[in-house]
Amino acid sequence: MTTKNTIDLGEFQFCSGETIPSLEVAYETYGEFTGDNAVLVCHALTGSSHVARRPDAGGDTAGQARAWWGDVVGPGKAIDTSEYYVVCANAPGSCYGTTGPSSENPETGEPYGTDFPPVTVGDWTRAQRQLLDELGVGRLHAVVGGSVGGMNVLDWLQRYPDDVERAAGVATAARLDPQCLALDTVARRAITSDPNWNGGHYYDGPGPDDGLARARQIGHIMYLSKASMSRKFGRRSAGREAVRETPPDPAAAFFPYREVESYLDYQADKFTDRFDANSYLYMTRAMDDFDLSAGYESDADALAAFEGELLLLSFTGDWHFTVEQSEALADACRKADVDVAHHVVESDHGHDAFLVEPEKVGPPLSELLEAGLAGRTITDTESEPEEPESFAPVHTSLFSE
């Protein structure tokens, strides 16, 4: 059984202290709830509640062309909706049915725009907890999420440690590094410097599509690895039939329009049709702001109250959320005596790997839900055998002391 719905949680106070009179949350559920089989899936930056394919979806897919994790969640899939009751909710601040900047402010009758309160990952978690309460779900069998959705998972473990039995953070980290913070800053500046942005109050006229397009292009570059970009595009020309989306400068006609440019233009064009520029500002700021250790002495201290099991999945080609960041998080869990496994996936797809390689992501997630960290497909960096030491012959330098 599948359900697509919206619920009004009433007045909601954000972590900033600001309130709105009504927070509507768009959500989808899959499967039947038996009392102890609920799995919450947390979406990434521009995702929606449409995580799995619905037979009744038709063309109405919450603004997205297809289910964003349809090869991982569903009947017979890794997160099996014939066995588990799966819930996915669109995060506050987004634009896929949950209240955000593009929603109508009931006190003015106009869209909130940038009058909408600042949103944090903690607000997402609190809204999800309230939604689950309304659905009659207490303790979760598992909470699973990728990218900033993985940060949402970590926030659950810190905020509601007794409510989660098992968790999976996929391609995520305890916080963003300075390089990613810088790139997100440039992306937001692309939006706010668009002449149509109008301080975020653009809903009665043309929107800042050019700025949003540039921001999304920066994002796509972050999601790919050097190896995947070389394989997909190389330095190839896009061909005579390809047309630049943006009028080039006069000298550009002398140079080829490359496949990588065409790809970025195509992705940007699709994105501006489905996403709100203000929501992009709000969602990226929520991601940038997240710091697991905020208010605690360390990441270990933040997770110390969690007594369940945590699986961390990282990908070797991902420079957005790196293997090293996941390993640092796993080390923090070990210091806090949290049961953890850091499962490293060999992949050159970059950050997108968690979406485009379900055959690598699915098995460890399935094992986690069924058997916990003892699952046979789950590996852990700490338990992997160390490389034997090599003893090379010692050559004494004439200049050695």
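**Close-up 1. Who Arg 216 touches in this predicted model.** Setting aside neighbours within four places in sequence, Arg 216 makes contact with Thr 46, Tyr 223, Phe 271, Arg 274 and Tyr 280. To find Arg 216, look in helix H4, which covers residues 209-223.

**Close-up 2. Arg 216, buried and without a salt bridge.** Here we stay with Arg 216, this time for its charge. Which side chain of opposite charge is nearest to Arg 216? That would be Asp 352, and the gap is 7.1 Å. A salt bridge needs a side-chain nitrogen of Lys or Arg within 4 Å of a carboxyl oxygen of Asp or Glu, and Arg 216 has none, even though Arg 216 is buried.

**Close-up 3. The largest cavity and its lining.** Searching the whole structure turns up one cavity of 30 Å³ or more. The volume of the largest cavity comes to about 40 Å³. Around the largest cavity sit Val 25, Ala 89, Asn 90, Ala 91, Pro 92, Trp 124, Ala 127 and Gln 128.

**Close-up 4. Glu 110 in its loop.** Glu 110 sits in the loop that runs between strand S8 (85-89) and H1. Skip the residues up to four places away in sequence, and Glu 110 touches Ser 103, Glu 104 and Asn 105.

Terms used: Residues are numbered from 1 along each chain as its sequence is written. This is a predicted model: local features need pLDDT of at least 70, side-chain atom pairs count only at pLDDT 80 or more; totals for chains, interfaces and linings use all residues. Side-chain values use heavy atoms; hydrogens and water are left out. Helices (H or I, at least four residues) and strands (E, at least two) are DSSP runs, numbered from the N terminus. Buried means under 20% relative accessible area, exposed over 50%, partly exposed in between (1.4 Å probe, protein chains only). Lys and Arg count as positive and Asp and Glu as negative; His and the chain ends are not counted. Contact means heavy atoms within 4.5 Å. On a 1 Å grid over the protein atoms alone, a cavity is a set of points where a 1.4 Å probe fits but cannot get out, and a pocket is an open set with protein on both sides within 12 Å along at least five of seven lines; lining residues have an atom within 4 Å of a point. Grid points are joined across faces, edges and corners, and a volume is the space filled by probe spheres set on the points.
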